[in-house]
Amino acid sequence: MHSSEKINSLNHNYNEDSNEQLKHILDTKLNKIDDDITDLTHLVTYTIDDLESIEIDDAISLEYRDSIAIIWIHISCPANYIDLDSPLDLQARRKSSTLYM
């Protein structure tokens, strides 16, 4: 899927500056995996947030390597990709429903 299709599929209603930054993130940053981050996008994941959650950002998955079962825990961390005080950051702050401190 091309980045512009991904942006349109998010149904986020962000402003144009935020959309441009999101396109840049999808085209560049997400393709570069940090040494401390494991790319698990090939795994089927199951969300573990409760039914009332607005932010679906935690999940688990199961992977078999040889005869070993590995349980992966997925926790979203968009701060790895979104620059502080950027248009996307500012827009997301206005729309956020949870603040972690």
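At what relative accessibility does Arg65 stand, and as what does Arg65 count?

Modeller: Arg65 counts as partly exposed because its relative accessibility is 42%; the class lies between buried, under 20% relative accessible area, and exposed, over 50%, with a 1.4 Å probe and protein chains only. The model is a predicted one, in which local features need pLDDT of at least 70 and side-chain atom pairs count only at pLDDT 80 or more, while totals for chains, interfaces and linings use all residues. Residues are numbered from 1 along each chain as its sequence is written, and side-chain values use heavy atoms, with hydrogens and water left out.

The side chain of Arg65 meets that of Glu63 in a salt bridge, at 3.4 Å from N to O; the term requires a side-chain nitrogen of Lys or Arg within 4 Å of a carboxyl oxygen of Asp or Glu. Glu63 has a relative accessibility of 12% and therefore counts as buried.

Ser61 belongs to strand E2, strands being DSSP runs of E with at least two residues and helices runs of H or I with at least four, both numbered from the N terminus. Ser61 is buried because its relative accessibility is 4%. Its side chain makes a polar contact of 2.7 Å with the side chain of His74. Such a contact is a pair of N or O atoms within 3.5 Å; within protein, one must be able to donate a hydrogen and the other to accept it, and residues adjacent in sequence count only if both atoms are side-chain atoms. When neighbours within four places in sequence are set aside, the residues in contact with Ser61 (heavy atoms within 4.5 Å) include Leu43, Thr45, Trp72 and His74.

On the surface, Val44, Tyr46, Ile48, Ile60, Leu62, Tyr64, Ile71, Ile73 and Ile75 form a nonpolar patch whose accessible area together is about 1,000 Å². Strand E2 (58-65) and strand E3 (68-75) are the elements that give two or more residues to this patch. A patch is built from residues with over 30% relative accessible area and no salt bridge; like charges are joined within 9 Å and nonpolar side chains (Val, Leu, Ile, Met, Phe, Trp, Tyr) within 5 Å. Areas follow the Shrake-Rupley method with a 1.4 Å probe, and for residues only the protein chains shown count as cover. Ile73, a residue of strand E3, counts as exposed because its relative accessibility is 61%.

The salt bridges number three, and Asp85, Asp89 and Arg93 are linked in a network of them. Arg93 meets Asp85 at 2.6 Å and Asp89 at 2.5 Å. Arg93 and Asp89 lie four residues apart in helix H3 (residues 87-95), about one turn of the helix. Asp89, at 13% relative accessibility, therefore counts as buried, whereas Asp85, at 48%, counts as partly exposed.

As for the whole chain, its elements run α-α-β-β-β-α from the N terminus on. Of its 101 residues, 22% count as buried.
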